[in-house]
Amino acid sequence: MTYQLHQQDCLTWMATQPDHSLDIIVSSPPYNKGIEYNGYQDRRTDYLEWMSEVWTQACRILRPTGHLFLNIAGSPDQPFLSYQVAQSVPWRVQNNIVWAKAVEFKGHIYGRSTVNINSKFRLPNGHETVWHFTAKGRTPIDIAASSVPYRPEFAEDNFQRTGRRTRPTTTCWHIGYETTGYMGASAAKVKGAKGHPAIFPRELVRHCLRMAGASNSHRVYDPFAGTGTTLWVAEKEFGCEAIGTEIDPDYADFIHERML
């Protein structure tokens, strides 16, 4: 299966697309809190209006059986931002998922996350939200594909009790950040002066696509392609037709290299 990457504004591209032509969207928009992207200025006075336009168009081009996964987080200055953006989506919330980027367990931290530890007043933010929207809030998901195996030492005991060696994923996902080493030689471009500052892990996309029952018959789109993680997982691991829009030419070039 091939991929499509359009180096243009997502609203411009979506306006050219017919109704009900996509199956799944997995995306993380800019958070409007001054993140230093390459060219995009992450401070818009019309941010919520813009988000409403984007997700209204996104829902229009999704099939009625489709899935929209929207990853976003608030900040100390905008603690309700995630909920405000979610309210701008015309579809129904089917699942409200917490992505725990690092977890404190038995006196240790498990997972990787980037945190600000300079404040004397506020705890670092260790989570983000993944909103799962569907047209009516009752679209079937693939429980079996999205299940998570028990640790080997517990698998047999759970099988004896429940008849299962896996458990359906819950609304709390512990997914640590991964390094960019898996991207190969071109990873240096992500870390450089024009690098992308907000890369989500491949496992986050995998969780979403498993829930949605993604297969090689599905068309998957990311309006804010960034470094192309959604495209890479959708095309290379699930065999989907992967489509992305990205306004930054340097990020778009990186995606093309990564997808080789």
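**Note on the predicted model: strands, cores and aromatic pairs**

1. Arg 219 stands opposite Glu 241 in β12. Strand β11, residues 219-222, and strand β12, residues 241-245, run parallel and are joined by four bridges. Val 220 also has its bridge partner in β12, namely Ala 242.

2. Strand β11 is covered on both faces. Arg 219 and Tyr 221 lie on one side, Val 220 and Asp 222 lie on the other, and all of these residues are buried. In a regular strand the side chains alternate between the two faces of the sheet. Strand β11 also pairs with strand β2 (residues 22-27), in the parallel sense and through two bridges. Within that pairing, Tyr 221 of β11 is the bridge partner of Ile 25.

3. Strand β12 has five of its five residues buried. Glu 241, Ile 243 and Thr 245 point one way, whereas Ala 242 and Gly 244 point the other way. Strand β1 is joined to β12 by four bridges, and these two strands run parallel. In this pairing His 6 stands opposite Thr 245 of β12.

4. Together with helix α7 (residues 229-236), the two strands make a right-handed β-α-β unit. Seven of the eight residues of α7 are buried: Thr 229, Thr 230, Leu 231, Trp 232, Val 233, Ala 234 and Glu 235. The elements that cover these buried residues include the strands β1, β2, β11 and β12 and the helices α6 and α8.

5. Ser 21 is found in the loop between α1 and β2. Is this residue buried or exposed? Ser 21 counts as buried because its relative accessibility is 10%, and the limit for buried is under 20%. Beyond its neighbours up to four places away in sequence, Ser 21 touches Ile 61, Arg 63 and Arg 219.

6. His 207 has its place in helix α6, residues 202-211. With a relative accessible area of 13%, His 207 is buried. Leaving aside neighbours within four places in sequence, His 207 is in contact with Thr 169, Trp 173 and Ile 175.

7. The largest nonpolar core holds 34 residues, and Met 14, Val 54, Trp 55 and Tyr 221 have the most contacts inside it. At least two residues of this core come from each of α1, β2, α2, β3, α3 and β7. Helix α2 gives the most, with eight residues. A second, separate core has 29 residues, including Ile 175, Ala 212, Trp 232 and Val 233. Of these, Trp 232 and Val 233 are buried residues of α7, and Ile 175 is in contact with His 207.

8. Not counting residues up to four places away in sequence, Trp 55 touches Ser 27, Pro 29, Leu 68, Leu 70, Val 85, Ser 88, Val 89, Pro 90, Pro 223 and Phe 224. Trp 55 and Phe 224 also belong to one aromatic cluster with Tyr 37, Tyr 40, Tyr 47 and Trp 50.

9. The model contains eight aromatic pairs. Tyr 37 and Tyr 40 form an edge-to-face pair because their planes stand at 65°, with the ring centres 5.9 Å apart; the angle for this class is over 60 degrees. Both Tyr 37 and Tyr 40 are buried. Tyr 83 and Trp 131 are likewise edge-to-face, with 5.3 Å from centre to centre and 80° between the planes.

10. What does the pair of Tyr 83 and Trp 131 tie together? Tyr 83 lies in helix α3 and Trp 131 in strand β7, so the pair links parts that are 48 residues apart in sequence. Tyr 83 counts as partly exposed at 44% relative accessibility, whereas Trp 131 is buried at a relative accessible area of 5%.

11. Two charged side chains lie over tryptophan rings. The charged end of Arg 44 sits over the ring of Trp 50 at 4.2 Å from its centre, and Trp 50 is part of the aromatic cluster named above. Lys 101 lies over the face of Trp 99, with 5.9 Å to the ring centre.

Conventions. Residues are numbered from 1 along each chain as its sequence is written. This is a predicted model: local features need pLDDT of at least 70, side-chain atom pairs count only at pLDDT 80 or more; totals for chains, interfaces and linings use all residues. Side-chain values use heavy atoms; hydrogens and water are left out. Buried means under 20% relative accessible area, exposed over 50%, partly exposed in between (1.4 Å probe, protein chains only). Two strands pair if DSSP finds at least two bridges between them. A crossover is right-handed if, with the strands pointing away from the viewer, the path from the first strand over the helix to the second runs clockwise. Contact means heavy atoms within 4.5 Å. A nonpolar core is a set of buried Ala, Val, Leu, Ile, Met, Phe, Trp, Tyr and Cys residues joined through side-chain atoms within 4.5 Å. Rings of Phe, Tyr and Trp (its six-membered ring) pair if their centres lie within 6.5 Å; planes under 30 degrees apart count as stacked, over 60 as edge-to-face and the rest as tilted. A charge sits over a ring if NZ of Lys or CZ of Arg is within 6 Å of the ring centre and within 35 degrees of the ring normal.
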